[in-house]
Amino acid sequence: PDLQEPHGLTFLDSDTLIVANRAGTLPLFRLPPQGSASGSITLHAEPTAGDTAFRDVVSPGSVAATPVGRDCYQVFVCNNFAHRVTRHRLKWARSPKIRKNKVLIAAGLSIPDGIAVSPSERWIAISNHTTGSVLIYRNNRALGPETLPVGRLEDAGYPHGVRFTRDGQFIFVADAGTPVVNVYLGIGGDWRGTRKPIHSIRVLTDEAYLRGHVNPEEGGPKGIDIDGGGRVLATTCEEQPLAFFDLRATLNAIARRTA
């Protein structure tokens with residue numbers, strides 16, 4: 001009942017989920033202990049109001065989080081139709097407390113649809129719908145609303161979900177307008193400059209893709225994620241709610257081609 005057009009989500013830990021509601025804000029949910037319930041259950045969001053509410057958030061579409069200490073996280077939010085990314089310091093213990101709210105990135109953004117932070121936390125990748133590219137920002141103390149991107153991933157089509165591999169060497173980008181996920185290489189984990197895809201993974205059959213391809217922006221994958229072990233790529237879209245692919249096989253194929 002606390003979801004209003006849910007679009008993106010992330011786990012803070014194995015028991016806590018945060019959801020970006022395009023028509024609302026960012027509810028946090030405590031998941032029930034494993035084995036404590038069977039069948040369908042109803043979850044209610046943890047209360048956040050007043051000083052504990054996310055501020056500067058408008059039409060949140062995607063969310064990412066990184067730990068900054070015990071029970072403390074930095075939460076990054078793509079505000080789709082406000083064309084900006086906000087950052088929030090969340091203290092999560094018995095109840096959520098948001099200590100800092102800031103507009104972090106705005107320059108160059110036009111409908112930011114997906115966001116990912118590199119494992120080193122040096123880079124922030126944002127899929128930029130209007131320009132058909134993924135913009136890369138250096139994540140440091142100088143980062144602010146006027147900071148320009150230092151890197152760009154081109155030929156991304158209509159980019160949505162974006163993920164770094166756990167070694168930071170590759171970025172995977174879902175193209176909602178085609179049946180593929182594009183792969184980009186950052187040699188040495190350096191994402192400055194302009195890059196084009198080095199590989200594409202077909203993740204939908206022609207039948208499923210064409211069924212959803214009602215306009216140039218639809219039909220392909222939108223959400224993607226990579227498991228913590230770096231073994232599985234997961235994709236989702238309206239015509240194929242959830243599918244899993246062997247990530248290691250893809251990376252091995254890329255290694256053979258580029259050797």
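By class, how many nonpolar, polar and charged residues does the lining of the largest pocket have?

Mentor: The model is predicted, with local features needing pLDDT of at least 70 and side-chain atom pairs pLDDT 80 or more, while totals for chains, interfaces and linings use all residues. Numbering starts from 1 along each chain as its sequence is written, and side-chain values use heavy atoms, without hydrogens or water.

The lining of the largest pocket has 21 nonpolar, 14 polar and seven charged residues (Asp, Glu, Lys and Arg are charged; Ala, Val, Leu, Ile, Met, Phe, Trp, Tyr, Cys and Pro nonpolar; the others polar). This pocket holds about 1300 Å³ of space (an open set of 1 Å grid points where a 1.4 Å probe fits, with protein on both sides within 12 Å along at least five of seven lines; lining residues have an atom within 4 Å of a point). Among its 42 lining residues, Leu-9, Thr-10, Arg-163, Ile-224 and Asp-225 are the closest to the centre. Two or more lining residues come from each of β1 (6-13), β4 (60-69), β8 (112-117), β12 (159-164), β17 (223-226) and β18 (232-236) (strands are DSSP E runs of at least two residues).

In an open sheet of four strands, with antiparallel pairing, the order is β12-β13-β14-β16 (strands pair with at least two DSSP bridges). Both β12 and β16 (199-202) are edge strands, pairing on one side only. The antiparallel contact of β14 with β16 runs over four bridges, and Val-183 faces His-199 of β16.

Strand β12 also holds Phe-164, whose partner Trp-191 lies in the loop between β14 (180-185) and β15 (193-195), 27 residues apart. Theirs is the one aromatic pair found in the whole structure. Phe-164 is buried at a relative accessible area of 8% (buried means under 20%), and Trp-191 is buried at 0%.

The second largest pocket has a volume of about 190 Å³. Its lining comprises two nonpolar, five polar and five charged residues, including Arg-87, Arg-89, Lys-100, Lys-102 and Arg-141. Strands β6 (84-92) and β7 (96-105) each supply at least two of its lining residues, and β7 gives the most, with four.

Terms used
Points joined across faces, edges and corners; volume = space filled by probe spheres on them. Phe/Tyr/Trp six-rings, centres within 6.5 Å; stacked < 30°, edge-to-face > 60°. Buried < 20%, exposed > 50% of the residue type's maximum accessible area, 1.4 Å probe, protein only.
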